[in-house]
Amino acid sequence: MTDTTTDKPSVLFVCVHNAGRSQMAAAWLTHLAGDRVEVRSAGSAPADEVNPAVVEAMREVGVDISAETPKVLTYDAVRESDVCVTMGCGDTCPVLPGKRYLDWNLPDPAGQGIDAVRPIRDEIKTLIEGLIAEIAPRQ
């Protein structure tokens, strides 16, 4: 799996508001894989800001996402990605030939406190570690 402009795989994480699950997934992938993977995240109906409980939960594990902002899902973001991981956005993500699609069924942290967000954060980390082993293992 390679992008047309680079030899590293690219992953797009999509959830409805791009304020919780997709932000944590993108941050984990960037944190754990470094520059071995190109990372994007977006939402079908982006929120105004990243969920503060999500920011705090990631800060607890040494990952700062306080500067991130939710972004709108675009056709180009899907086209430019090798793997599209959806998280509760249903069929709002365009399906293009030649792309790999994964759907991670994760609870939505919207409106939840930090205690509810921590297990979601940890489950996402586990999923990300598996994804890295598949698409960008250490050489």
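Two strands count as paired if DSSP finds at least two bridges between them.

A word on the source. This is a predicted model, in which local features need pLDDT of at least 70, side-chain atom pairs count only at pLDDT 80 or more, and totals for chains, interfaces and linings use all residues. Residues are numbered from 1 along each chain as its sequence is written, and side-chain values use heavy atoms, with hydrogens and water left out.

Start with the sheet. Four strands form an open sheet in the order S2-S1-S3-S4, and the pairing is parallel. S2, residues 38-43, and S4, residues 100-103, each have a single partner strand, so one side of each has no neighbour in the sheet. On average, neighbouring strands are turned by 20° against each other, direction ignored; axes here are lines fitted to C-alpha atoms, for helices over the stretch in contact, and angles between N-to-C directions run from 0 to 180 degrees.

Now S1, residues 10-15. Six bridges join S1 to S2. Along that pair, Val11 is opposite Val39, and Cys15 is opposite Gly43.

Next, the helices. H1, residues 21-33, packs on the sheet and touches S1 and S2, with its direction at about 160° to that of S1. Contact means heavy atoms within 4.5 Å. H4, residues 114-135, lies across S1, S3 and S4, at about 150° to S1.

What does the side chain of Thr86 make a polar contact with? Its partner is the side chain of Asp103, at 2.8 Å. A polar contact is a pair of N or O atoms within 3.5 Å; within protein, one must be able to donate a hydrogen and the other to accept it, and residues adjacent in sequence count only if both atoms are side-chain atoms. Thr86 belongs to strand S3.

Last, the nonpolar cores. Such a core is a set of buried Ala, Val, Leu, Ile, Met, Phe, Trp, Tyr and Cys residues joined through side-chain atoms within 4.5 Å, where buried means under 20% relative accessible area, exposed over 50%, and partly exposed in between, with a 1.4 Å probe and protein chains only. The largest has 33 residues, and Val11, Phe13, Trp104 and Ile128 have the most contacts inside it. At least two residues of this core come from each of S1, H1, H2, S3 and H4. Another core, of eight residues, lies apart from it and includes Leu12 and Leu96.
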